[in-house]
Protein chains: 4
Amino acid sequence: MNGKLQGDMVTVASPRAIKLHENSHFGQLIQEELQLPLIEALFLAEKDKLTLSTEGRELSRDEFTNVVRDKGLFTKYLVFKDLRNRGYIVKTGFKYGSEFRLYERGRSPGNGHSDFLVKVLTEDQQITINDFSSYVRVAHGVNKKLMLAVVDDEQDITYYNVEWTRP
Amino acid sequence: MNGKLQGDMVTVASPRAIKLHENSHFGQLIQEELQLPLIEALFLAEKDKLTLSTEGRELSRDEFTNVVRDKGLFTKYLVFKDLRNRGYIVKTGFKYGSEFRLYERGRSPGNGHSDFLVKVLTEDQQITINDFSSYVRVAHGVNKKLMLAVVDDEQDITYYNVEWTRP
Amino acid sequence: MNGKLQGDMVTVASPRAIKLHENSHFGQLIQEELQLPLIEALFLAEKDKLTLSTEGRELSRDEFTNVVRDKGLFTKYLVFKDLRNRGYIVKTGFKYGSEFRLYERGRSPGNGHSDFLVKVLTEDQQITINDFSSYVRVAHGVNKKLMLAVVDDEQDITYYNVEWTRP
Amino acid sequence: MNGKLQGDMVTVASPRAIKLHENSHFGQLIQEELQLPLIEALFLAEKDKLTLSTEGRELSRDEFTNVVRDKGLFTKYLVFKDLRNRGYIVKTGFKYGSEFRLYERGRSPGNGHSDFLVKVLTEDQQITINDFSSYVRVAHGVNKKLMLAVVDDEQDITYYNVEWTRP
């Protein structure tokens, strides 16, 4: 299965791509074509399920990884990969001001609502309590839990559940 | 019941003070006298259970409130008051690097271990993700939950539960 | 040896990079490529072991130093450099709420556990005794010693060992 | 054995006072009289080794405790008592800018130099890194170790050893 890198998207025109969307919830189907965000495409490429090309020529996996890194998406990719490998369906959380929304195992975009918003941070970041509080407020407002995913300098990820509470 | 402000402590010499300690877990009993931290004394003063004096003269409640403010303890006091009013026994969390440890309703220092550590923050504060990690690590290591209490500019308090998780 | 600055990371694709990781414990190897945190990359650049490029053009050492400063990492870098120059292997201490964990000479991430946690502070900082308590508590709980590294206005570093004690 | 409270000192004129000084290093001998700082006098009073009087009348132990508290010395007293009870000789550290100097068990003012300076803090204090650093510098300059004694709101004491180090 081959995908074409076009700007910030990878487009796959293949009947198998439709299956990939329906069974595993990758990307968006638009007129029988699968549109994949770069980090989802990299995930599939690393699992040998996708090859890539751009402007008519093949793109090696290293070249594609570099594209993702150059766009500053690698930290986000690490969290995506880790959560997918743990069995979650992971979709963008953009509408909620966070990196991902997460479906518990057994749930998916067409079947129940997402349970978590995931905010990706790095160990060297400073956050204000105001930022922190706004992440939680948004999550609470849409009835989801907030998960912080902190990527450290060794690229290990530490997760925290945060919820608003009335003691 | 009158208490004497002496440095960082308020001392109460009264049989009723002993009851206050035994039933409600205020302060420390030292040789039949009750020693109260300033924030506990202010709490009792606001509930009309304690009057205050210092160096032989009476101290009005406003004067005493100012003492607590001058020592930078008012934010901490607000959280203490709120948690006590909600029915928790609230004791210092210093040994765990946080402001308070909290006993669930029905538990107390002499009866079961504390369930929460409470870290007091203000709306305008910045924290590093590293400090955040340190607070959670301590709580996790002693099998308690971490609660952040954020006091905003209107002195409202928002609480957050935070826990380390493996998704 | 050239590294590409990509967001918060520097990527080096070179067989010598693999040696650098295996012998000197810099960065993380991901698919035969070395991923370096910015402070490790700056350290290698200052030792003339690494040149840097970004988006296809070369980056002077001054430009790269500025990137590190802009991200607020220069103080942390100074402590990293000093400790590496003294012969320690220095890795992130994020999981323990401090900037670094430190392996004594002769020990390394693959060979024995780390002995120190290093908390980086600056001369003008205020810390609460509560935060201090939290740092020591974490270190004690994981059987490591706590070292404070204080960077002064002249960028000199003073180190302090701190341990919880029962006199 | 009776002592007279006179301002910030208690004076004891008794042959047994001389023994107390020579064997246990309490106070200062001045013209065959023992001059005791208030916290040492309170320590002896609590051990039933000293009664107190002032201006010709007897002072009960509670009254005397109140004098010590009114002068804001009670926190300092708690640390003094704890360290004496652990077997240390404890003398003022005033010349070194700290509350106490401490002699290891078996050492004393006339026999070897003191090993520790003790800085007494309370949980609600903020310290600047500059303060912290100056405590250590003074201790290091006179070849002693610095011990921080932090008294929390429950009047428990946590001790920390701090030393300047060259890693």
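Contact, in this talk, means heavy atoms within 4.5 Å. Keep that in mind. What you see above is a predicted model.

Let's start with chain D. Which residues of α2(D) meet α4(D)? On the α2(D) side they are D:I39, D:E40, D:L42, D:F43 and D:E46. On the α4(D) side they are D:K76, D:Y77, D:F80, D:K81, D:R84 and D:N85. Sort the residues of this contact by type, and you get 5 nonpolar, 1 polar and 5 charged.

Now the geometry. Helix α2 of chain D covers residues 38-46, and helix α4 of chain D covers residues 74-85. Their axes lie 10 Å apart, at an angle of about 60°. Angles under 35 degrees count as roughly parallel, and 65 to 115 as roughly perpendicular.

Next, chain A. Here we take helix α2, residues 38-46, and α3(A). How far apart are their axes? The distance is 10 Å, and the packing angle is about 155°. The cut-off for roughly antiparallel is over 145 degrees. So α2(A) and α3(A) are roughly antiparallel to each other. This crossing is left-handed.

Who makes the contact? From α2(A), we have A:L38, A:A41, A:L42, A:A45 and A:E46. From α3(A), we have A:R61, A:F64, A:T65, A:V67 and A:V68. By type, the residues of this contact are 7 nonpolar, 1 polar and 2 charged.

Stay with α3(A), residues 61-70. Which of its residues are buried? They are A:F64, A:T65, A:N66, A:V68 and A:R69. Just past the helix comes A:G72, with a positive phi of about 70°.

Back to chain D for its own α3, again residues 61-70. The buried residues there are D:F64, D:T65, D:N66, D:V68 and D:R69. Just after α3(D), D:G72 has a positive phi of about 70°.

On to chain C, and helix α4, residues 74-85. This helix has 12 residues. From first C-alpha to last, α4(C) reaches 16 Å, close to the 16 Å expected at 1.5 Å a residue. The buried list for α4(C) reads C:F74, C:K76, C:Y77, C:L78, C:V79, C:F80, C:L83 and C:R84. Just after the helix, C:G87 takes a positive phi of about 100°.

One more residue in chain C: C:K19. You will find it in helix α1, residues 15-24. Is C:K19 buried or exposed? The cut-off for exposed is over 50%. C:K19 has 55% relative accessibility, so C:K19 counts as exposed. Now look across to C:L34, which is 15 residues away along the chain. The C-alpha atoms of C:K19 and C:L34 are 9.8 Å apart.

Most residues other than glycine have a negative phi. Here are two with a positive one.

In chain A, take A:H25, with phi near 65°. A:H25 sits in the loop between α1 (15-24) and β3 (28-30). Buried means under 20%. The relative accessible area of A:H25 is 15%, so A:H25 is buried.

In chain D, take D:N143, where phi is also near 65°. D:N143 sits in the loop between α5 (129-141) and β11 (145-151). The relative accessible area of D:N143 is 62%, so D:N143 is exposed.

Notes: Residues numbered from 1 in each chain as written. Chains lettered and ligands numbered in written order. Predicted model: local features only at pLDDT ≥ 70, side-chain atom pairs only at ≥ 80, totals over all residues. Heavy atoms only, no water. Helix = DSSP H or I, 4+ residues; strand = E, 2+ residues; numbered from the N terminus. Expected span 1.5 Å × (residues − 1). Buried < 20%, exposed > 50% of the residue type's maximum accessible area, 1.4 Å probe, protein only. Axes fitted to C-alpha atoms, helices over the stretch in contact; angles between N-to-C directions. Nonpolar A, V, L, I, M, F, W, Y, C, P; charged D, E, K, R; others polar. Left-handed = near helix turned anticlockwise from the far one by under 90°.
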